[in-house]
Amino acid sequence: QVQLVESGGGLVQAGGSLRLSCAASGSIFSISSMSWYRRAPGKQRELVATITGGGITNYADSVKGRFTISRDNAKNMVYLQMNSLKPEDTAVYFCNARVFATGSSYWSDYWGQGTQVTVSS
């Protein structure tokens, strides 16, 4: 019905940069907020950054000033530019979107399958 597919993860040295992308496709009528979450080994999933349909952003304190979330509403895509990466940023990163699917009566949350980001020291 609605699919989210992430890309752009990989292995990078501390201080380096990566750009994650997430494409939403399927029976989409509208998308409100889009977010990035991450889950580090042995830890719970945490919210990294959110962007509303109007472009308002919010970040976890741990990534403020280093990560930038953006979106392309025409393409149903969301991005996460990650700079000055640290080993503690190592995690599986998940894309999330709140979607009003075509033919639906309510908003639903959809998730991507995740992409691994590994930062070596």
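Me: What should I know about the numbering and the cut-offs before we start?

Reply: Residues are numbered from 1 along each chain as its sequence is written, and side-chain values use heavy atoms, with hydrogens and water left out. As this is a predicted model, local features need pLDDT of at least 70 and side-chain atom pairs count only at pLDDT 80 or more, while totals for chains, interfaces and linings use all residues.

Me: How do you know which strands E9 pairs with?

Reply: Two strands pair if DSSP finds at least two bridges between them. E4 (residues 28-39) has 9 bridges to E9, E10 (residues 107-111) has 5, and E11 (residues 115-120) has 3. Each passes the cut-off of at least two, and the sense is antiparallel in each case. If you want to find them on screen, Ser35 is bridged to Asn96 in E9, Ala97 sits opposite Tyr110 in E10, and Tyr93 sits opposite Thr115 in E11. E9 and E10 also form a hairpin with 5 residues between them, and Gly103 in that turn has a positive phi of about 85°.

Me: Why is the link between Cys22 and Cys95 called a disulfide?

Reply: The cut-off is a pair of cysteine sulfur atoms within 2.5 Å. Here the S to S distance is 2.1 Å, so the pair qualifies. Cys22 in E3 (residues 18-26) and Cys95 in E9 are 73 residues apart, so the pair links distant parts of the chain. The structure holds 1 disulfide.

Me: Why is it left-handed?

Reply: The torsion about the S-S bond of Cys22 and Cys95 is about -80°, so the disulfide is left-handed.

Me: Are those two cysteines buried or exposed?

Reply: Buried: Cys22 has 0% relative accessibility, and Cys95 has a relative accessible area of 0%.

Me: What polar contacts does the Glu6 side chain have instead?

Reply: A polar contact is a pair of N or O atoms within 3.5 Å; within protein, one must be able to donate a hydrogen and the other to accept it, and residues adjacent in sequence count only if both atoms are side-chain atoms. The Glu6 side chain, from strand E1 (residues 2-7), lies 2.8 Å from the backbone nitrogen of Cys95 and 3.0 Å from that of Gln113.

Me: Why are Asn76 and Ser84 called partly exposed?

Reply: Asn76 has 25% relative accessible area and Ser84 has 40%, so both fall in the in-between range. Asn76 is in the loop between E7 (67-72) and E8 (77-82), and Ser84 is in the loop between E8 and E9.

Me: What makes their phi angles worth a look?

Reply: Most residues other than glycine have a negative phi. Asn76 has a positive phi of about 55° and Ser84 one of about 50°, although neither is a glycine.

Conventions:
Helices (H or I, at least four residues) and strands (E, at least two) are DSSP runs, numbered from the N terminus. Buried means under 20% relative accessible area, exposed over 50%, partly exposed in between (1.4 Å probe, protein chains only).
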